[in-house]
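This briefing is meant for a reader who is meeting the structure below for the first time.

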There are 2 protein chains.
Amino acid sequence: LLEQISIVLVSTSHPGNIGGAARAMKNMGLGQLVLVQPKEFPHAEATARAAGADDVLAGAKVVGSLAEAVAPCHFVVGTSARQRTVSWPLCAPRQSVEKMLPILQAGQRVAVVFGNEQSGLSNEELALCHLHLHIPCEAQFSSLNVAAAVQIVTYELRLMQLAALPDSTSPVVEDEKLVTVAEMEQFYTRLEQVLLQIRYLKPNNPGKLMLRLRRLFNRAMLEAKEMQILRGLLNSIDDRMQEDR
Amino acid sequence: LLEQISIVLVSTSHPGNIGGAARAMKNMGLGQLVLVQPKEFPHAEATARAAGADDVLAGAKVVGSLAEAVAPCHFVVGTSARQRTVSWPLCAPRQSVEKMLPILQAGQRVAVVFGNEQSGLSNEELALCHLHLHIPCEAQFSSLNVAAAVQIVTYELRLMQLAALPDSTSPVVEDEKLVTVAEMEQFYTRLEQVLLQIRYLKPNNPGKLMLRLRRLFNRAMLEAKEMQILRGLLNSIDDRMQEDR
């Protein structure tokens with residue numbers, strides 16, 4: 001799905017931001033960058049900040065207007081910091097991405113547009129969009145760096161794709177084998193025995209402390225390997241107690 | 001809730017990234033930045049990229065080690081690109097933030113830690129954490145810029161707060177007092193000492209087993225009362241070892 005999405009940067013002033021955006025895109029699995037009248041491009045600063053996303057920069061299309069950039073697309077999302085006078089449908093990143101999903105699944109092309117660092121997107125540019133995306137920011141400090149905004153949106157797009165793919169490549173936690181309840185009970189019996197031996201537990205009243213320890217170790221959800229370690233540890237205490245008598 | 005969170009940058013090489021991280025934090029409503037051995041700070045490039053988040057830079061605490069940075073915190077989240085040999089609980093950003101919420105609502109302090117640009121966090125640094133956060137990236141191009149990673153995590157934290165705010169009298173979490181990282185470190189020092197004493201650990205190579213035990217007890221999120229019990233238990237072993245000699 002991500003290959004149907006173009007990231008469009010309009011009138012970007014700082015070439016470093018173009019590089020930062022390219023890197024963010026590639027990290028998240030996007031590749032199509034369109035630049036509308038960039039102030040300076042190509043530029044060493046863009047290449048430096050891209051940090052290896054050179055292919056994204058090399059493949060970037062430079063065009064003269066936003067209309068030209070989005071002409072081949074079916075759905076256009078404009079990022080907007082401010083509430084405009086003529087209110088457009090305004091969506092948070094996650095909700096915006098949810099609206100893009102069925103469109104992408106239907107095989108259509110989507111553009112996400114980011115404005116100039118100082119002035120954002122003009123009213124005319126926003127009027128070319130189907131939806132305005134707003135990243136929630138602190139009211140007193142609401143101007144996001146443009147590469148940072150690209151990072152947030154492409155991150156949400158990647159999560160969308162991971163969720164949409166049946167066979168998702170999301171980070172898998174190693175499948176550690178948990179212990180059975182029966183093994184836990186054997187452990188608690190042995191633990192109580194050793195704690196009595198070292199006179200940490202009083203023979204007449206082990207209950208309350210053992211309950212606390214059960215609560216702790218049950219909560220931890222022990223894995224087989226950890227159980228081995230704890231049993232070895234109890235054996236060591238036992239051995240020392242035998243030896244030294 | 002956000003004021004209970006520290007962003008910790010470890011051994012950052014490029015001062016521009018410190019500035020970018022400060023800007024991302026302020027955009028999302030966070031203010032507490034801790035720098036562990038930054039290569040260059042303060043620096044003009046940091047100030048330039050902060051783009052107005054000067055107060056975050058001015059208030060940044062510079063410390064000598066990660067242990068020092070997280071000592072006052074109750075829950076530590078380390079960002080990790082790679083799967084480590086000893087697998088820690090590994091979470092996506094959204095799930096990580098869900099785990100932080102009840103801890104923050106209970107009034108406790110959380111740190112989110114980001115490693116060096118080239119090498120990330122070391123195994124020793126990751127062992128100080130309760131949870132490893134992994135940002136899902138394209139496998140072939142998985143190295144995120146550190147300020148971009150801060151942007152994604154702080155964005156998720158802001159969404160968490162926005163969702164949590166409406167009913168600020170949300171369900172009350174059990175008010176068990178968690179222990180601080182500093183207390184956990186004292187415990188691990190004492191544990192290692194006792195395990196050497198009972199000859200469970202070999203003096204020349206305590207590392208792997210101690211790492212396993214750290215993983216277990218960090219995952220369990222010890223409460224103050226449980227820490228007391230475990231310390232008492234170690235003291236009993238120690239006493240018996242002294243007596244019987």
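Between chain A and chain B the count is 12 salt bridges, a salt bridge being a side-chain nitrogen of Lys or Arg within 4 Å of a carboxyl oxygen of Asp or Glu. This is a predicted model, in which local features need pLDDT of at least 70 and side-chain atom pairs count only at pLDDT 80 or more, while totals for chains, interfaces and linings use all residues. Residues are numbered from 1 along each chain as its sequence is written, chains are lettered from A in the order in which they are written, and side-chain values use heavy atoms, with hydrogens and water left out.

**Where chain A meets chain B**

- One of the salt bridges joins the side chains of E226(A) and R215(B), at 2.9 Å from N to O.
- Helix 10 (224-243) of chain A gives the most to the side of chain A that touches chain B, supplying 11 residues; helices here are DSSP runs of H or I with at least four residues, and strands are runs of E with at least two, numbered from the N terminus.
- In all, 62 residues of chain A are in contact with 65 residues of chain B, where contact means heavy atoms within 4.5 Å.
- The two chains bury about 5,600 Å² between them, 58% of it on carbon and sulfur atoms; this buried area is the accessible area (1.4 Å probe) that two parts lose on being put together, summed over both.

**Strand 6 of chain A**

- Strand 6 (residues 110-114) of chain A is largely enclosed by the rest of the structure, because five of its five residues are buried, that is, under 20% relative accessible area (1.4 Å probe, protein chains only).
- V110(A), V112(A) and F114(A) point one way from this strand, whereas A111(A) and V113(A) point the other way.
- Strand 1 (residues 5-10) of chain A runs parallel to strand 6 and is joined to it by five bridges, and pairing requires that DSSP finds at least two bridges between two strands.
- Strand 4 (residues 75-79) of chain A also pairs with strand 6 in the parallel sense, over four bridges.
- V113(A) is the bridge partner of V8(A) and also of G78(A).

**Cysteines**

- The structure holds zero disulfides over all chains, a disulfide being a pair of cysteine sulfur atoms within 2.5 Å.
- C137(A) is in no disulfide, and the nearest cysteine sulfur, that of C91(A), is 16 Å away; C137(A) is buried, with a relative accessible area of 15%.
- The sulfur of C129(A) lies 11 Å from the closest cysteine sulfur, in C73(A), which is too far for a bond, and C129(A) is buried at a relative accessible area of 5%.

Technical notes: Buried < 20%, exposed > 50% of the residue type's maximum accessible area, 1.4 Å probe, protein only.
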